[in-house]
Amino acid sequence: MKQLQNVWQDKVAVLSLSIITVTTVAGIFAPFVAPHDPEEVHMELRFASASWEYLLGNDHLGRCILSRLIYGIRPSMLWVFAALLLSVSIGSIVGVLAGYFRGKTDAFLMRVCDVILSFPGYVMTLAIIGILGVGFENIIIAFVLIKWAWFARIIRTSVMQYAEADYVKFSKAIGASNLGIMIRHIVPVTLPDIAVISSSSFGSMILQISGFSFLGLGIQAPEAEWGMMLNEAREVMFSRPEMMLVPGLTIVIVVSAINYLSDTLQVVLDPKLMTSSHKLQGLETASVVKLEGKAGA
Amino acid sequence: MTNILEVKNLKIWDSRNERVIVPNSSFHVKQGSCLAIVGESGSGKSVTCKAIMRLNKAGIRQSGDILLRGINLMELSEQEMRKKRGKQLCMILQSSMRAFDPSCVVGVHLQETLVEHFGWSREEITTKMKNAMESVRLKNPIEVMNTYPHQLSGGMLQRVMIALTIVLEPDIIIADEPTTALDTVSQFEVVEQFRQLRERMGCSMIFISHDLGIVKLMADDVLVMKEGEIVENGTTQAIFSEPQHTYTRYLLSTKLALNQHFKRIMGGVSVAEG
Amino acid sequence: MGSYITKRLLISIPLVLVISFVTFGFIHLSPLDPAEVVLHSQGIPTITDELLAQTRAKLGMDQPFLTRYLNWVVSCLQLDFGDSYVTGKPVWSMLGPAFLHTLKLTLVSTFAIVVLSIVLGVACALNAGKWVDKSVRGISFCLTSMPSYWLAALLIWYFSVKLDLLPTSGMESYKSYILPVIVITISYAGIYFRMIRSSMLSNMNEDYVLYARASGLTEKKITMHILRNSLQVSISVFCMAVPIILGSTVVVENIFAWPGLGTLSVKSILSRDFPIIQAYVLVLAVSFILFNTVSDIINAALNPKLRDGL
């Protein structure tokens with residue numbers, strides 16, 4: 001609790017939290033917040049600079065950039081968050097099962113994870129998009145299908161530390177059910193670890209998914225998405241470089257805020273995982289986490 | 001008898017939060033004697049010893065005078081201090097398993113230390129270390145020197161450190177809980193080596209421990225610390241027979257009871273000695 | 001050591017088999033009929049059932065799954081990944097050169113990343129808490145929050161358009177490497193730099209450093225010991241950087257029009273050229289496992305503790 005109070009004194013953390021809250025709220029209520037229809041074309045306003053009616057100016061089809069940014073929050077951030085949540089949930093279930101039961105269950109689940117993790121993250125995503133076809137939903141599906149495996153890996157390590165704890169042994173001895181022990185004793189103590197791991201990969205996931213849209217593999221025109229907006233701006237990069245500025249900066253600001261909060265969270269919660277006693281392994285796990293999470297930002 | 005080491009008004013504090021760890025300590029070690037510092041963990045024993053070596057972590061500051069053979073260590077430059085470490089002030093750590101670079105064979109540290117202080121050749125070092133290691137009953141010294149730390153036991157590594165100390169011939173040895181991390185049998189062997197070390201070299205020693213059984217065997221004088229302050233100071237006999245301070249009495253009553261098992265093993269030594 | 005290598009290699013073989021199977025099976029999950037894709041991409045206007053059956057037979061689709069898998073594995077071992085649906089050329093004739101181009105870019109970038117992260121990591125750890133450390137960490141934090149394609153666009157705009165110093169795209173001379181390598185280095189060096197820094201810092205607090213200091217060793221010697229231990233952990237991680245970067249140059253390659261795997265794979269996905277996608281996935285997954293094995297072996301060779309443990 002005391003540490004949470006320290007967070008309130010960290011001005012940057014408070015600023016980051018406000019940025020994320022405002023962005024999320026604006027994304028959810030996009031139709032009410034956005035001043036214009038994001039797909040409304042005004043050819044007479046092509047590349048118009050900022051005006052009172054169009055605060056951030058207009059793009060190559062004369063669409064309102066601000067409105068497109070606000071609608072873009074939905075796929076670029078909210079859907080990514082949903083994908084993260086889903087893959088963390090699957091990863092947690094698998095990780096807790098593997099870490100708690102050990103033995104054959106563990107061996108089987110970890111071999112499955114091994115296979116998935118032996119495809120480099122980007123390659124696997126491309127493969128899935130290749131099969132399912134181009135589209136934003138498919139990228140999200142691909143991410144969930146891949147990411148759960150390494151969440152499971154890390155959460156398993158975390159669970160194993162607690163599964164050996166005396167109170168767990170005690171609960172087993174007095175005949176508590178496995179499910180009961182997992183829900184009551186294992187999940188609550190691993191939550192800080194899970195929070196840190198998932199928050200630290202949120203930022204890089206936003207970067208990666210917007211990257212796929214930037215390549216034209218994700219969201220299709222005319223829908224608004226930040227990577228897509230940059231893709232459109234790239235066409236006119238040499239004549240109108242300023243078009244790259246607004247969506248790019250938006251991504252940088254949001255991702256910085258998320259990364260900063262995630263770092264703060266890591267300091268506050270200080271998960272056992274990151275300061276593991278098996279230093280060598282701990283270090284490697286931590287860096288693999290970062291690497292996989294980063295794989296291709 | 002002259003004092004080899006004199007500590008006057010030593011104050012140690014943490015500069016980051018201004019917390020005082022040791023408010024004002026003064027004590028001395030007589031030539032050729034062994035001073036034991038006892039107290040519970042967190043009482044400032046280790047910090048005091050590291051302060052003598054001037055090896056506390058960056059944020060921890062110290063003031064006062066530390067005189068080694070009349071030279072004030074506090075006034076030396078880092079360069080001059082470094083030359084005293086190892087050569088005149090030798091430290092033996094508690095965690096022998098972690099005291100050697102895990103990526104190098106044990107011999108590397110011995111080699112580097114001896115080259116640093118004496119500039120001997122490789123052969124000279126090997127011969128001297130071999131003799132010293134044999135004297136602390138380490139079998140196959142050459143092999144031990146070519147082994148990685150994790151392949152040796154804590155007791156063996158502790159004896160490697162003692163062997164290095166024998167070769168270095170320091171004025172004073174600071175042993176920071178050298179037996180705590182060891183099992184009972186290794187404890188016995190290591191304590192035995194310490195006793196022989198003192199007999200043979202006649203060097204002075206500061207011996208930190210919370211194990212009063214070992215203290216009684218090793219020390220000439222005892223210094224009792226509690227929460228950074230010295231609460232009692234006197235000869236071993238006086239402290240053990242007529243403890244003045246309530247804290248000392250408390251320590252004696254609890255710790256001696258715990259050490260019955262150990263004393264049973266050590267009993268054999270006392271007889272042999274007597 | 002020899003037995004460790006044998007054991008480690010034996011662990012990888014089943015993994016490679018499973019992966020080849022998954023890769024082969026993958027394509028069959030697609031809702032599209034490969035024969036249809038082939039006919040479409042060849043621009044045949046009306047697709048009759050007869051034509052479809054013919055094409056299926058040509059692709060060997062009428063044989064049972066396992067037979068096709070075994071045939072495929074055998075030909076893959078001879079680097080024959082079939083023909084592209086779109087161009088009709090052998091896959092390897094397209095994939096091979098692209099792989100080489102990406103490999104070149106990857107190796108140069110990895111080298112830059114290793115050098116940069118070691119230099120910065122060591123400098124920051126030795127000056128932990130001072131301004132050098134704080135500013136490097138601050139900059140690295142900002143750079144890791146930046147989309148690499150955006151950074152690439154900014155660099156192209158500044159160096160290639162405004163200053164006209166470097167080429168905007170392609171792979172003509174050493175100059176073409178500069179911008180892509182900078183972008184890849186910036187997006188990855190941050191993680192490795194942090195790893196070196198924290199590994200140095202945790203080593204500095206180890207007892208062996210205290211004992212070395214208490215023995216009167218010089219700071220220079222002690223730093224070398226710390227460095228040695230910190231880098232040992234890092235070498236295997238650096239080794240893994242090669243396949244990770246190899247598989248994630250997609251965005252950078254596309255923006256710089258680098259004729260490598262990234263460009264080829266995106267093109268194939270957009271045209272649904274399954275044999276190329278399949279070969280691309282297989283080649284990268286196998287090199288991932290290969291590097292993983294090699295890095296484990298290097299790690300064991302450097303770290304006596306690990307070697308004894310397995």
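**Close-up views of a predicted model**

**View 1. The contact between chain A and chain C.** In this predicted model, 42 residues of chain A are in contact with 44 residues of chain C. On the side of chain A that touches chain C, at least two residues each are supplied by several helices, including helix 5 (103-117), helix 6 (121-132) and helix 9 (178-214). Helix 10 (226-235), helix 11 (245-269) and helix 12 (279-294) of chain A likewise each supply at least two residues of this side. Sorted by class, the side of chain A that touches chain C consists of 27 nonpolar, ten polar and five charged residues.

**View 2. The contact between chain C and chain B.** Here 19 residues of chain C meet 23 residues of chain B in contact. Helix 9 (207-214), helix 10 (219-246) and helix 14 (304-309) of chain C each provide at least two residues of the side of chain C that touches chain B. The most is given by helix 9 of chain C, with seven residues. By class, this side of chain C holds seven nonpolar, six polar and six charged residues.

View 3. An unreviewed UniProt entry places the feature "transmembrane region" at residues 9-29, 105-126, 138-157, 177-195, 233-257 and 277-302 of chain C. Over residues 105-126 of chain C, the chain is 100% helix and 0% strand, with the end C-alpha atoms 32 Å apart. Over residues 233-257 of chain C, the chain is 84% helix and 0% strand, and the end C-alpha atoms are separated by 36 Å.

**View 4. The surroundings of C:T110.** The residue C:T110 lies in helix 5 (residues 91-126) of chain C. C:T110 counts as buried because it has 22 C-beta neighbours inside 10 Å, where the cut-off for a buried residue is 20 or more. Apart from its neighbours within four places in sequence, C:T110 is in contact with C:A241, C:V242 and C:I245. C:Q63 is 47 residues from C:T110 along the chain, and the C-alpha atoms of these two residues are 44 Å apart.

**View 5. The largest nonpolar core and B:I174.** The largest nonpolar core has 228 residues, of which B:I174, C:L95 and C:A152 touch the most other members. Helix 4 (residues 65-101) of chain A gives the most to this core, with 15 residues. When neighbours within four places in sequence are left aside, the contacts of B:I174 are C49, I52, M53, L89, C90, M91 and I206 of chain B.

How values were computed
Residues numbered from 1 in each chain as written. Chains lettered and ligands numbered in written order. Predicted model: local features only at pLDDT ≥ 70, side-chain atom pairs only at ≥ 80, totals over all residues. UniProt positions renumbered as here; feature names shortened; annotations may be inferred. Helix = DSSP H or I, 4+ residues; strand = E, 2+ residues; numbered from the N terminus. Buried ≥ 20, exposed ≤ 12 C-beta atoms within 10 Å, placed from the backbone. Contact = placed C-beta atoms within 7 Å. Nonpolar A, V, L, I, M, F, W, Y, C, P; charged D, E, K, R; others polar. Core = buried A, V, L, I, M, F, W, Y, C linked by C-beta atoms within 7 Å.
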